[in-house]
Amino acid sequence: MTESGLKLIVWLVAASLIGAMLAIPQPVDPWEMPSLVLDRAAVSGAIELDRMLAGEVLETEEAQTLRSLFLDHGRSEANPPYERVEFDQRQAAIHRATQRLIEKHGTPAFEAMRAGAIEDFVRVFGDGSREAQDDYEMGVLGGMRDVLQTYGAIHQGVLVAPPLTARVFYKARWNSIHRRPFVEGFAQVELQAYWGWLALHGWGKPLEQREDALVAFRDAGGLGTQEAAALFDLLAGRPDRASESLQKLYEARGELRLHNLALGALHAALLPAGSP
């Protein structure tokens, strides 16, 4: 037998042993949530719709007034604290300006302004590492960087969430400032990007809020909600229930990973209280 032939046999035996070991069910700590997965075509469609609407922004007195008030709000956010009276007065002015715009030009004009604001944000924000360069950019960004940081969408100054998640967080902020429902005007994939990030990656936030977000994410057709619900049971101190749910998922899908997670949850259930 040649030396190369012997090496090949040793390699094949080693590979077989490794494969056999990987195929053996073994407990895995079930603490990592499934990642947020979004359909690429749906994401592209939602972004393209925003870009199309942004191209229809009207340059009227009403639109300019509303945009100016919005940028003032952003600059105030970026330079806290500011007086409550100032905030209330500006909010009232934004509400009046919104009503005038819709009354004179219709709801499509308002929707176009929202889309235009999103596109402005994308240009100024970049990959998340860029700071505002002037008053205009400060008005566009406002306190958005802090919001994304709070929800773990930015890490060490760089965006780690899907770009669509950053867009929809900004859209929700825009809606809130204009006294509209947070998710008004969201496409289905945008709902997934918004609720999915809050549910799956909102570490440090109250579990009840994340559970509510998971329900909304599920209703929007999000992926991985059953696995996430099982892991929420574990976080809530219900390891038996988590293990049972994960085992059922394994039996339905045949993914060894799920079986290992179920064993890990069962292991957590058997540990004495206070054990790691």
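**View 1. Confidence along the protein chain of the predicted model.** The mean pLDDT of the chain is 86, and 86% of its residues reach 70 or more. Over residues 12-24, however, the pLDDT is below 50, and this stretch has three contacts beyond near neighbours in sequence. The pLDDT is also below 50 over residues 271-276, a stretch with one contact beyond near neighbours in sequence. Where pLDDT is low, the predicted coordinates should not be read in detail.

**View 2. Length and kink of helix 9.** Helix 9 comprises 14 residues, 188-201. At 1.5 Å a residue it should span 20 Å, and the distance of 19 Å between its end C-alpha atoms agrees with this. A kink of about 25 degrees is centred on Trp195.

**View 3. Burial of helix 9.** Because 10 of its 14 residues are buried, helix 9 is largely enclosed by the rest of the structure. Among these buried residues are Val189, Glu190, Gln192, Tyr194, Trp197 and Leu200.

**View 4. Packing of helix 9 with helix 10.** The two helices pack at an angle of about 145 degrees, and their axes lie 8 Å apart. Helix 9 passes helix 10 in a left-handed crossing. On the side of helix 9, the contact is made by Gln192, Trp195, Gly196, Leu198, Ala199, Leu200 and His201. Helix 10 contributes Arg210, Ala213, Leu214, Ala216 and Phe217 to this contact.

Conventions:
Residues are numbered from 1 along each chain as its sequence is written. This is a predicted model: local features need pLDDT of at least 70, side-chain atom pairs count only at pLDDT 80 or more; totals for chains, interfaces and linings use all residues. Side-chain values use heavy atoms; hydrogens and water are left out. Helices (H or I, at least four residues) and strands (E, at least two) are DSSP runs, numbered from the N terminus. The expected span of a helix is 1.5 Å times one less than its number of residues. The bend at a residue is the angle between axes fitted to the seven residues ending there and the seven starting there. Buried means under 20% relative accessible area, exposed over 50%, partly exposed in between (1.4 Å probe, protein chains only). pLDDT is the predictor's confidence in each residue, from 0 to 100. Contact means heavy atoms within 4.5 Å. Axes are lines fitted to C-alpha atoms, for helices over the stretch in contact, and angles run from 0 to 180 degrees between N-to-C directions. A crossing is left-handed if the near helix is turned anticlockwise from the far one by less than a right angle, and right-handed if clockwise.
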